[in-house]
Amino acid sequence: MMLSGLIFLWRCRPRESYPLPMKPICILNGPNLNLLGQRQPEIYGRETLADIHARCEKRATALGLAIDFRQSNHEGVLIDWIQEARAKASAIIINPAAFTHTSVALLDALTAAELPVIEVHLSNIHKREPFRHHSYVSRAATGVICGLGSKGYELALDALAERLQSIAETRDV
Ligand code: CA2
């Protein structure tokens, strides 16, 4: 087919069926979450972080999204990854673990990222010790999911898929 024919077909394509390639969703996990499945199963369940990663990959693929799944025990590393996400990701899902309750630095990094952010906790932090009831990170979060175990990560992906779709549509009109 002539080049002009191809250009004509490209210009006539229905917009909805050719979504723009989207940047990945950055999924960050904080300190000690690498120990999941090994201790405290009564609180955090029996799944390992690798199991949760696999569930997220599966859900993201079904939703037509890409993910970048990471874990660190170091606050500064998480902050570097959030700063990197500002340019390289379309949204952030974060389980900040214990930094949830201590870190203004993570809050500042998430605020500066100017991306949709979903905060996820495996356990219901409001049903636990009083020091876990407050989250610094929530001030920067679009939404917060807690108490639903690893299902919370999948629900966060569902919510972001819808949100990113509507952001893309608004930009298209
Ligand atoms: O419920 C959550 O997802 C938490 O973010 C988990 C954090 C906790 O500090 C937050 O208050 C709530 C703890 C993650 C540590 O996970 C472990 C897993 C197995 C063994 C020890 C720790």
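Glu114 counts as exposed because 9 C-beta neighbours lie inside 10 Å. Glu114 is found in the loop between α5 (104-113) and β4 (117-121). Its phi is positive, about 50°, although Glu114 is not a glycine.

The model is a predicted one: local features need pLDDT of at least 70, side-chain atom pairs count only at pLDDT 80 or more, and totals for chains, interfaces and linings use all residues. Residues are numbered from 1 along each chain as its sequence is written.

The protein chain has 6 helices and 5 strands. Helices (H or I, at least four residues) and strands (E, at least two) are DSSP runs, numbered from the N terminus. From the N terminus on, the order of elements is α-β-α-α-β-α-β-α-β-β-α. Of the 173 residues of the chain, 30% count as buried. Contacts were also sorted by separation along the chain. Among contacts with a separation of 6 or more, 75% join residues 24 or more positions apart. Two residues are in contact if their C-beta atoms, placed from the backbone, lie within 7 Å.

The phi of Asn32 is near 75°, and Asn32 is a residue other than glycine. Asn32 lies in the loop between β1 (25-29) and α2 (41-44). It counts as partly exposed, because it has 14 C-beta neighbours inside 10 Å. Asn32 is also one of the closest residues to the ligand, together with Arg39, His121, Leu122 and Ser123. In total, 16 residues surround the ligand. A residue is near a molecule or strand if its C-beta atom, placed from the backbone, lies within 6 Å of it. By class, this shell has 8 nonpolar, 6 polar and 2 charged residues. Ala, Val, Leu, Ile, Met, Phe, Trp, Tyr, Cys and Pro count as nonpolar, Asp, Glu, Lys and Arg as charged, and the others, Gly among them, as polar.

The C-alpha atoms of Thr100 and His121 are separated by 9.5 Å, while the two residues are 21 residues apart along the chain. Thr100 lies in the loop between β3 (91-95) and α5. Thr100 is buried, because 23 other C-beta atoms lie within 10 Å. Residues up to four places away in sequence aside, Thr100 touches Ser135, Tyr136 and Val137.

Helix α4 holds two further residues of interest. Gly76 has its place in helix α4 (residues 75-88). Gly76 counts as exposed, because it has 9 C-beta neighbours inside 10 Å. Its C-alpha atom is separated by 8.7 Å from that of Leu106, 30 residues apart along the chain. Leu78 is buried, because 26 other C-beta atoms lie within 10 Å. Leu78 and Gly30 are 48 residues apart in sequence, yet 7.4 Å apart in space, C-alpha to C-alpha. Neighbours within four places in sequence aside, Leu78 is in contact with Leu28, Gly30, Ser72 and Leu106.

Helix packing comes next. Two packed helices are described by the angle between their axes and the distance between the axes. Axes are lines fitted to C-alpha atoms, for helices over the stretch in contact, and angles run from 0 to 180 degrees between N-to-C directions. The axes of α4 and α5 come within 9 Å and cross at roughly 5°. The two helices are therefore roughly parallel. Angles under 35 degrees count as roughly parallel, over 145 as roughly antiparallel, 65 to 115 as roughly perpendicular and the rest as oblique. From α4, the contact is made by Glu75, Leu78, Ile79, Ile82, Gln83, Ala85 and Arg86. From α5, Ala105, Leu106, Ala109, Leu110 and Ala113 take part. By class, this contact has 9 nonpolar, 1 polar and 2 charged residues.

Helix α3 (residues 49-63) packs with helix α6 (residues 151-172) at an angle of about 25°, with the axes 9 Å apart. α3 and α6 are therefore roughly parallel to each other. Ile52, Arg55, Cys56, Arg59, Ala60 and Leu63 in α3 meet Tyr153, Glu154, Leu157 and Ala161 in α6. By class, the contact of α3 with α6 has 7 nonpolar, no polar and 3 charged residues.

Notes
A residue is buried if 20 or more other C-beta atoms lie within 10 Å of its own, exposed if 12 or fewer, and partly exposed in between; C-beta atoms are placed from the backbone.
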